[in-house]
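Please read it beside the sequence and the model.

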Amino acid sequence: IIGGCAGVTPLPDYPAMSDADAMRTIADRQEAVRSVSAECDLYLTDPQGQTVSLDGVLVAQTPGSLRLRAWKFGHAVFDLTLTGGKGWVMLPDNRQASRKLDPANISARRVGDAFELLGPSYFRTASSVNEVRPTGGPLLVVRGWALGRDDVVCEIDRRTLTPRRFVMGTADGTNASEIKLDGWAVTQNGMVWPLRMSLASPMGEVLVVIRSVELNGDIPVGAFVAPKRAVELP
């Protein structure tokens with residue numbers, strides 16, 4: 001488990017290797033992550049710039065299951081459940097708070113996209129984009145298939161082989177969305193995971209700042225059963 005002293009252990013450095021070998025190395029490493037449990041701070045910002053800050057707990061399990069529950073002043077005000085290709089969200093009863101947390105204004109579902117991209121599938125099929133950045137530089141830039149599209153670009157730190165930024169959008173950059181991954185740290189079992197996820201799109205921004213995380217721990221039975229008050233996402 002990583003707590004307040006997260007990031008003290010340096011990330012492992014990898015020797016120089018071909019782009020294809022680098023992608024296989026990342027895919028194998030990410031495939032070893034079967035579950036994630038974390039305490040976090042959650043910041044939801046709508047397109048008008050209004051931000052709601054919450055205390056949250058996040059659990060995820062491959063393939064494709066995620067639960068994010070958040071509190072404000074000790075009261076549960078937000079719950080996102082993604083599993084089996086479907087999603088449910090629970091919002092507070094208070095109308096003013098509900099407007100600020102409206103999933104139509106804040107793309108909270110993007111948290112699930114980040115976890116999908118951090119799985120092995122994308123890195124198994126993506127290929128380097130030499131026309132964007134020369135190969136051999138500090139960043140390895142690749143493009144591949146994910147989230148139902150074939151134009152997802154990822155920037156990877158070559159030294160540590162950690163994905164730092166995913167970009168999805170049109171060729172001219174309009175309506176583009178991005179996922180930034182920072183604060184990569186080593187867990188007690190020697191695995192690595194980002195402690196800061198920023199998910200931005202025209203629909204708003206979701207920032208997840210992880211305070212503590214456990215990889216491949218036990219996930220409680222029923223963790224991915226949505227609350228009764230939750231409504232299914234379109």
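In the hairpin formed by β7 and β8, where two residues lie between the strands, L147 adopts a positive phi near 55°. The model is a predicted one, in which local features need pLDDT of at least 70 and side-chain atom pairs count only at pLDDT 80 or more, while totals for chains, interfaces and linings use all residues. Residues are numbered from 1 along each chain as its sequence is written, and side-chain values use heavy atoms, with hydrogens and water left out.

| Strands | Bridges | Direction |
|---|---|---|
| β6 (residues 127-128) and β7 (residues 139-146) | two | antiparallel |
| β7 and β8 (residues 149-157) | seven | antiparallel |

Within these pairings, S128 stands opposite V142 in β7, and R143 stands opposite V153 in β8.

Four aromatic pairs occur in the structure. The rings of Y122 and F166 have centres 5.6 Å apart and planes at 75°, so this pair is edge-to-face (Phe, Tyr and Trp rings, the last by its six-membered ring, pair with centres within 6.5 Å; planes under 30 degrees apart are stacked, over 60 edge-to-face and the rest tilted). Because Y122 belongs to helix α4 (residues 121-125) and F166 to strand β9 (residues 162-168), the pair ties together parts that are 44 residues apart in sequence. Both Y122 and F166 are buried, a term that means under 20% relative accessible area (1.4 Å probe, protein chains only). Ring pairs also link Y122, F123 and F166 into a cluster.

Helix α3 (residues 110-117) is mostly covered, with six of its eight residues buried, namely R110, V111, G112, A114, F115 and L117.

Helix α3 also supplies the largest share of the lining of the largest pocket, five residues. This pocket holds about 670 Å³ of space and is lined by 32 residues, of which P63, G64, G112, F115 and E116 lie nearest its centre. A pocket here is an open set of points on a 1 Å grid over the protein atoms alone, where a 1.4 Å probe fits, with protein on both sides within 12 Å along at least five of seven lines, and lining residues have an atom within 4 Å of a point; the volume is the space filled by probe spheres set on the points, which are joined across faces, edges and corners.

Notes. Helices (H or I, at least four residues) and strands (E, at least two) are DSSP runs, numbered from the N terminus. Buried means under 20% relative accessible area, exposed over 50%, partly exposed in between (1.4 Å probe, protein chains only). Two strands pair if DSSP finds at least two bridges between them.
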